[in-house]
Amino acid sequence: MQVTPEPGEAPAPAPAGSRSARGDRNNTVDVFDTTLRDGAQFEGISLSVDDKLRIAEQLDHLGVRWIEGGYPQANPKDAEFFKRAPDQLDLKTSTLVAFGSTRKPAGKSDSDPTLKALVEAGTSTACIVGKSWDFHVTEALGTTLDEGVAMVQDSVKFLRAAGLRVFFDAEHCFDGYKANPEFVLRVLEGAVMEGAECVVLCDTNGGSLPHEVQRITAEVVEHFGDDVQVGIHTQNDTGCAVANSIAAVVGGATHLQGTVNGYGERTGNANLMTCIPNLELKMGIPCLPEGNITRLTAVSRHVSELVNLPPHSADPYVGASAFAHKGGLHTSGLGKAGNKTYEHVDPAAIGNHTRVLVSDLGGRAGMQMKAEEFGVSLDAQASAQVAQTVNDLEARGYVFEAADASLELLMRRATGWNPDDFRVESYRVSSYHREGEVAPGSGIELTNEATVKLWIGDDRRIAVGEGNGPVNALDSALRTALNGHFPALNDIHLVDYRVRVLDTAIGTEAVTRVLIESSNGDDSWFTVGVSENVIEASWMALTDGIRFGLLHHA
């Protein structure tokens, strides 16, 4: 990558073929998303046809230029996707692309099943992959270099004759260029001569580094001039997929392939959720329709739900932790001078937001910022009091950065707030095993029963609940006792329960931390409890979760 000069220093000459040397080619980059094909090869992802249709809708909402729908000849699901897409996808900004490969060695294009499937897929555009590394042609395919070029030429010619626009993915391009640049250029020239409008340089093994990618891309761009668009497709095996993509754009590439959240085979593909804001916000190169970049975070998280993988909180730009601040120095700076002190861009630009994580590393300023986020008014004295309380509680095992709901209740109590919803008098829970009374393995040997006594105003309520565990029994008893008084309770449910044993060296006497996630169907919130008794820790988190839900969702 080029080094930015110091103020007053003359900029270094642009490399031959770079964007600045070539007039920026309208200063735009076409985004080609391959989540539905390459991204689907990520370990743990298995997409149904319905999943693929919903993801395509999100990609169109984001505004990518091209959506690679899959390999129609590879499996029945992809074939069905292309069959259903015309009627079930109403694409506003994106164009669907079918993926395939060149004809086989010594084969004929007009009888090749892969090429035939591309024509029958019903898309206007096809992207085919072919070998550009001489080693792969002679060793993996077992054919001559001349035949390797002919396979590419014949395939592009066949698809163009069928009326399709054609992109060509040059597989192993960077490895091939390092070994035999003349052959790589022969392959690319063959594709261009037969009508391919974009040649995509692929770092298939993911082993190249940014300086190599920029140099090779610039040389290919310089070779073709303005006659053909050059693209980039990178894998993340060295952790450089995003950097390599940016380097290629600096080298003159104007077509960028990648996936949502970096999903892809092995260690993944270039993460478009990082590439796009780097290009748009840092380099001023448009990739999406104007204003659409604000949809980036929402699309990232929506797709993560559709592929059934948790969002990676540390992802740049769109991650939940991307603009989260924990240290007292950072939060103090944010409070005094605003976001620019410790945030490299405005998080709202990509649909994200600043978060202050309250912990024993934070101070009064961070506490006040967090209170403002909650809509709680804390004066200086109350902020100092809450900060000290948080320090003391975290020393005992609490973790408030993961339990915003418990923290908000703590802050409200510091202002004198006293919930008048219900007051707990006592609770009791028992678990007993009736040895020999039921058949082993029947699942009913262990019985859990809880009794809760509480007050709602002047009304004393006693309720009993049963459950498949002590926490479930307590939840049941508490809900029975509150039944009829709080309609919003019907929508509040416990959706996740996590236990962590602290100080494991002391065995069963160790302190236990419980995190509970609750939801009303639209929003979710976390509460925490800590105690030497796992039931007590669970009860703290459980009652906080219900109190928070009643407070905000009545």
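The protein chain has a mean pLDDT of 86, and 86% of its residues reach 70 or more. Where pLDDT is low, the predicted coordinates should not be read in detail.

Packed helices come next. Two packed helices are described by the angle between their axes and the distance between the axes. Helix α7 spans residues 181-193 and helix α8 spans residues 210-224; their axes come within 12 Å and cross at roughly 45°. Angles under 35 degrees would count as roughly parallel and those from 65 to 115 as roughly perpendicular, and α7 and α8 are therefore oblique to each other. Their crossing is right-handed. On the α7 side the contact is made by L185, L188, E189 and V192, which meet V220, H223 and F224 of α8. By class, the residues of this α7 and α8 contact are 5 nonpolar, 1 polar and 1 charged.

A second pair lies further along the chain. Helix α14 (residues 380-395) packs with helix α15 (residues 404-414) at an angle of about 135°, and their axes are 10 Å apart. That angle makes α14 oblique to α15. The crossing of α14 past α15 is right-handed. From α14, the residues A382, Q385, V386, T389, V390 and L393 meet L407, L410, M411 and A414 of α15. The contact of α14 with α15 has 8 nonpolar residues, 2 polar ones and no charged ones.

The last element is a sheet. Strands of a sheet pair through backbone hydrogen bonds, either parallel or antiparallel. Here 3 strands form an open sheet in the order β14-β15-β16, with antiparallel pairing. The edges are β14 (493-501) and β16 (524-531); each has a single partner strand, so one side of each is left without a neighbour in the sheet. From one strand to the next the twist averages 20°. Strand β15 (residues 512-519) is joined to β14 by 8 bridges, and the two run antiparallel. Within this pairing, H493 stands opposite S519 in β15. Helix α17 (residues 534-552) packs on the sheet and touches β14, β15 and β16. The direction of α17 makes about 150° with that of β16.

Conventions
Residues numbered from 1 in each chain as written. Predicted model: local features only at pLDDT ≥ 70, side-chain atom pairs only at ≥ 80, totals over all residues. Heavy atoms only, no water. Axes fitted to C-alpha atoms, helices over the stretch in contact; angles between N-to-C directions. Helix = DSSP H or I, 4+ residues; strand = E, 2+ residues; numbered from the N terminus. Parallel < 35°, antiparallel > 145°, perpendicular 65-115°, else oblique. Left-handed = near helix turned anticlockwise from the far one by under 90°. Contact = heavy atoms within 4.5 Å. Nonpolar A, V, L, I, M, F, W, Y, C, P; charged D, E, K, R; others polar. Pairing = 2+ DSSP bridges. pLDDT = per-residue confidence, 0-100.
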